[in-house]
Amino acid sequence: MKSAFLFFVLFTAITVQSCAQQQPSQQKFAVTKTNEEWKKILTSGQFYVAREAGTERAFSGEYWDNHEKGTYFCVCCGVPLFSSTTKFESGTGWPSFYAPLSKKYVGEREDDSHGMQRTEVYCTNCGAHLGHLFNDGPAPTGLRYCMNSASLNFKKG
Ligand SMILES: [Zn+2]
């Protein structure tokens, strides 16, 4: 009896949690534009990755091998996302960070696409797709923010 009750509580908790997760299309962002408007300010590669949740080919992007000191901003809306101080050599061919500059603009949501259960990383200011989050990063966080260069705009400094 006790276990049945526990199961009920767990089941209810899981159901409530999954309902509470907002779908990308329902989420409101400070910066919103139509696809036509985004296409005017982004290259086709940037649009494919940032607005259509695409992934650039490994070792093809602008920043995987960038070692300059500076800040990585959202290519769509310009908020600061990552610092060069948390960038590390992941060997994946994508720019990789062990922590975001601030959780304010770097959001996480579940991604079940392509038959995989992954955590998508996105810009909370405009909804841009940035990449995915994995648990095999280096100390001190153990996290690997695997980003697409196409979603980022680097500025030295
Ligand atoms: Zn953005």
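1. **Overall make-up.** The chain holds 3 helices and 9 strands. This is a predicted model. Reading from the N terminus, the order of elements is α-α-α-β-β-β-β-β-β-β-β-β. The chain has 157 residues, and 29% of them count as buried. Take the contacts between residues at least 6 apart in sequence: 57% of these join residues at least 24 apart.

2. Strand β1 (residues 70–74) runs antiparallel to β9, and 5 bridges join the two. Within this pairing, Y72 has F154 of β9 as its bridge partner. As background, strands of a sheet pair through backbone hydrogen bonds, either parallel or antiparallel.

3. Strand β6 covers residues 118–123 and strand β7 covers residues 129–134. They pair in the antiparallel sense over 4 bridges. Y122 stands opposite H129 in β7. The hairpin has 5 residues between its strands. There, G127 takes a positive phi near 85°. That glycine is worth a look in the viewer.

4. **β8 and its partners.** Strand β8 (residues 144–147) pairs with β7 over 4 bridges, in the antiparallel sense. Two positions can be checked along this pairing. G131 stands opposite M147 in β8, and F134 has R144 in β8 as its bridge partner. Strand β4 (residues 96–97) also runs antiparallel to β8, joined by 2 bridges. Here S96 has C146 of β8 as its bridge partner.

5. **Which way do the β8 side chains R144, Y145, C146 and M147 point, and are they buried or exposed?** R144 and C146 point one way from β8, while Y145 and M147 point the other way. All of them are buried. In general, side chains in a regular strand alternate between the two faces of the sheet. R144 is one to inspect by eye, as a buried residue of β8.

6. **The nonpolar core.** The largest nonpolar core has 29 residues. Those that touch the most other members are C74, C76, L81, C123 and A128. Each of α3, β1, β2, β6, β7 and β8 supplies at least two residues of this core. Nonpolar side chains tend to be buried together in soluble globular proteins.

7. **C76 in detail.** Leaving aside residues up to four places away in sequence, C76 touches W38, L42, A50, C123, C126 and A128. Of these, C123 and A128 are, like C76 itself, on the list of core residues that touch the most other members.

8. **Why does Q46 count as buried?** Q46 is found in helix α3 (residues 44–51). It counts as buried because it has 23 C-beta neighbours inside 10 Å, and the cut-off for buried is 20 or more. Setting aside residues up to four places away in sequence, Q46 touches V75 and A150. Q46 and L152 lie 106 residues apart in sequence. In space, their C-alpha atoms are 8.8 Å apart.

Notes:
Residues numbered from 1 in each chain as written. Predicted model: local features only at pLDDT ≥ 70, side-chain atom pairs only at ≥ 80, totals over all residues. Buried ≥ 20, exposed ≤ 12 C-beta atoms within 10 Å, placed from the backbone. Contact = placed C-beta atoms within 7 Å. Pairing = 2+ DSSP bridges. Core = buried A, V, L, I, M, F, W, Y, C linked by C-beta atoms within 7 Å.
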